[in-house]
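Hello,

Here is the structure I promised to pass on. Please open it and keep it beside this message as you read.

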Amino acid sequence: MPTITFTLNHEPVTTHVAAHERLLRTVRRLGCYSVKFGDEHGLTGADTVLLDGVPVNSQTMLAAQADGHTVLTLEGIGSSKHLHPLQKAFIETGAIQSGYTTPAQILVAFALLKQNPNPTEAEVRAALNGVLDRETAYIKPVQAILRAAAVLRGEEVPPFEPLERAIPAPPGLFDFAIEPPFFGDAGGDVQTRVRTHPAVVVTPPEVSQFKTVGKPEPKVDAVKLAAGKPVFTDDIEMPGMLHGALLTSPHAHARITQIDASRARALPGVHAVLTHEDVARVYYASGGQSYPNPKPYDQVSLDNKVRHVGDRVAVVAAETHEIALEALTLIEVEYEVLPAVFDPVEAMKDGSPVIHDDPAVDGIHDRAHNIVHHIHAETGDAEAQFGKATRVFEGEYRVHQVQQSSIETHVTVTWWDEDDRLVIRTSTQVPFHVRRMVAPLIGLPVKRIRVIKPRIGGGFGGKQEMLIEDLCAHLTIATGRPVRFEYSREQEFTSARSRHPQIIHFKTGVDANNRIVACEMHITANTGAYGTHGLTVQMVSGFRGLTTYNAPYSKFTCDVVYTNLPTPGAYRGYGAPQALFAVEVHVEEIAAALGIDALEFKRLNWIKQGDTLMMAVALGEGREGKPQVVTTSALEECMDIGARALGWSQKRGVARTVPGKPHLKKGIGMAVAMHGTGIAGLDMGAASLKMNDDGSFNLLFGATDLGTGADTVLAQIAAETLGVPLNDIIVYASDTDMTPFDTGAYASSTTYISGGAVLKAAEEVREQILDHVAKHMLNCSPADLELEDRQVIHKDGRTVTLEEVALHSLHQADQKQIMATASHMSELSPPPFAAQFAEVTVDTITGQVTVDRLFFAVDCGVAINPITASGQVEGGMLQALGYGHCEQMVYDEQGASLATDFARYHLYRADETPQLDVVFVETYEPSGPYGAKAVAEIPKDGVAPALSSAIYDAIGVHLRELPLTPEKVWRAMQES
């Protein structure tokens, strides 16, 4: 084994390396865990290091190539105790979400500022272009780098805060002014114009009294993420750890007639090879959902039949990753290739291949026609309402399959602990569901399983799944050794989850007063090879598609259909982006046919405060829902702010071109967005709060922070209630042994549901503190006391510090631990509302659409932390832009994916991102903790239809199918 010598983070290093070893593996083996794996080809940039001061991809570079050179990682720039100005700026601006690619961004910024101390925004974006970080939309990282550059130049920089406007509550909403850049044209050269602005927060008076809630507090995990500490699943080395690998099917539909793993098992360094012959056949559904999981239970850990290219065939555990991969090539599999079907309409026809022919699988609606579920729900009087309609409109819309594309792939490490209990350390959104679901598959009781969720490098719904944890656990059980199992980037496309494609049909009746009086919606949904999330995603689509305009008669029907494509599942938005694209384009087509401005027609018909959600009961998630009424809504104000900011009335319907380029036509569009806040009557979270000797508090909860800032927001709720600064709340989260139960991070529920539990626990602790002081320290009534600034304050001016209270309660009088545990579940799901605007330029020669600007005004109740909330909105908009504009999973005629890396599956990069503007129009939702509603998913809902709306304004053609590629736009122009 050769030896190399190089300088690593200012220190000389001599180490042995294998001939094939990548530099990424070497620097991580030497303790530099800030350098991450994102893909095999360096296309994510997560693997960036500086080689002699120049950014390079360590995954595509042999370690031997570093011999004699200088390598710098984030560990060599700064530490948690001695932060570099770049690290400080990333913390202050909220530039860190999951933090998985933060080290790479800081490294490329460090290299840039060494060469150019005063870069322009365009130069910063160009430097960041090699590091994917669409979860932030690159806005705050750009702000951070420009801020750090100013600091390094010796300039004074002001505190970083969103632009706040304290105003009277509606209808006095416009008793304020939003200054430029929010008003005005989005024109200008995309390479030079400024595209990063802080968010505006329009604040109701109820929020002004808060000390911590509503304030841009730094994330509680920001320092360790900015320092690149080993906090992710894969940032762990264990003695004797083996490496897992998965053999997948090359066929879309086949039966395994023979499998011989003897040559693989004989390979030196291989410790286990498991096939369907070695693992018990236990049926399950892999979606991370509440008990009992919705049927069908149509999966087993390893099967003798494969149903899509990329389906599981066998797993291997070996001494190294390379040996494991070689072992996969030695497994001999004989297949009986079966006919395959990829289109859901074809799959339902008589004579189509039956994808799930195992009679033991329970819960399939019509096995012979591949129909997993048939959904029917309606409310109101069809005959009466359609009888009121003077015109009836119909349209069909198609939405496609896209991948979550988390930069951290699915990764799990399993081992036996000292008590012979199985520990599963995994990148998951649903640790408690994983524990419950994996137990029967591996033959262990729940009490012998512990699931730990470290920091997650992006989830977006794709990790709301028990996807690889069972395979990794099987390998540890088989070998008795720790096992690390990680998907390749290709497997993320072929063997993970994605968004459901749908064919959506609307039939809508409009009366003489231009009011929508009846609406029918039918979906043909492609659930791929397995039914996970198939029922509930489509129910959400039906609910969202029929609720925005809330017709008195509403009907939803749906067929959820098996095909031989890789399986969709949960993806941020969970059925709403599909439905909102279809309904918004449909309603805009109606407005055009009636000769009415689209915004005004939607304003006339959208759901209003005080309205009952017509389909709430009929379309719960997998069960009957709960009655719902809109209690708070600033949709009217959001729409008016957006229309004023972009000049809707001056631009819409007016022919506009780029000066001197008449083939470049400009358009402006809009869409209404409405989402939910948790699943009413189902989602539950719990929290525990304990007072420490010094008056600080330990806060424990099962809620899962994906980079959303959930840990911070929940800590802010506790801090506000207890009258202490945020840094007095020490957070522990997402460990099934140590923290209370939580359903997990999905359905935009964490702030509302888990926050409700934290609020209850904090209020109980507050009462205990006041009661102890009143009885044993100040001899007064608890009603005379308040908690503020780490003190209990009597109305007569006497004070007691929380440290004094803690020590007194533990050691001196009525000794007890001041602590509380609380659970929260809500029968309500108050909807957030938003207005999404878009401006585009369309090249009428090529069909190319350039997105100039996205503007989002949202009512999410009170934004507990406006910086983390704005980061969620910005990143959500950019993800939604990819969905509407360019991302697509495509397959060949045999069902093999043609896009298995980020060269062929395009994500927006830093220098391609348009101007993104965010305005929070706050309401105070009485059922939410400190007035909060959800914000995480609603940014996904409106971008695609707003783009379609803007393209229509530019070229006069409605587009009904996503993504809005040049070919589709060009063909639509030719056909028109």
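First, a term you will need: a crossing is right-handed if the near helix is turned clockwise from the far one by less than a right angle, and left-handed if anticlockwise. Also keep in mind that this is a predicted model.

Start with helices H22 and H23. H22 passes H23 in a right-handed crossing. H22 covers residues 866–885, and H23 covers residues 943–955. They pack at an angle of about 55°, with axes 8 Å apart. Which residues make the contact? From H22 come Met-877, Ala-880, Leu-881, Gly-884 and His-885. From H23 come Val-943, Ala-944 and Leu-947. Of the residues in this contact, 6 are nonpolar, 2 are polar and none is charged.

Now a second pair. Helix H11 (residues 431–442) packs against helix H12 (residues 469–479) at an angle of about 50°. Their axes are 10 Å apart. That angle makes H11 oblique to H12. The crossing of H11 past H12 is right-handed. On the H11 side, the contact uses Val-434, Val-438, Leu-441 and Ile-442. On the H12 side, Glu-469, Asp-470, Ala-473, His-474 and Ile-477 meet them. This contact has 6 nonpolar residues, 1 polar and 2 charged.

Next, a sheet. Its 4 strands lie in the order S27-S26-S25-S31. The sheet is open, and its pairing is mixed. Why is one side of S27 and of S31 left without a neighbour? Strand S27 (729–733) and strand S31 (819–825) stand at the edges, so each has a single partner strand. From one strand to the next, the twist averages 20°. Look at S25 (residues 684–691) and S26 (residues 697–701): they run antiparallel and are joined by 5 bridges. There, Lys-690 of S25 stands opposite Asn-698 in S26. Helix H20 (residues 750–776) packs on the sheet and touches S25, S26 and S31. The direction of H20 makes about 150° with that of S31.

Last, the charged pairs. Side chains of opposite charge can pair when their charged atoms come close. How many salt bridges does a search of the whole structure find? The count is 53. One to find on screen joins Arg-25 to Glu-237. Their closest N and O atoms are 3.2 Å apart. This pair links distant parts of the chain, 212 residues apart. Arg-25 sits in helix H1 (residues 23–29). Glu-237 sits in the loop between helix H6 (222–226) and strand S8 (242–248).

Best wishes

Technical notes:
Residues are numbered from 1 along each chain as its sequence is written. This is a predicted model: local features need pLDDT of at least 70, side-chain atom pairs count only at pLDDT 80 or more; totals for chains, interfaces and linings use all residues. Side-chain values use heavy atoms; hydrogens and water are left out. Two strands pair if DSSP finds at least two bridges between them. Helices (H or I, at least four residues) and strands (E, at least two) are DSSP runs, numbered from the N terminus. Axes are lines fitted to C-alpha atoms, for helices over the stretch in contact, and angles run from 0 to 180 degrees between N-to-C directions. Contact means heavy atoms within 4.5 Å. Angles under 35 degrees count as roughly parallel, over 145 as roughly antiparallel, 65 to 115 as roughly perpendicular and the rest as oblique. Ala, Val, Leu, Ile, Met, Phe, Trp, Tyr, Cys and Pro count as nonpolar, Asp, Glu, Lys and Arg as charged, and the others, Gly among them, as polar. A salt bridge is a side-chain nitrogen of Lys or Arg within 4 Å of a carboxyl oxygen of Asp or Glu.
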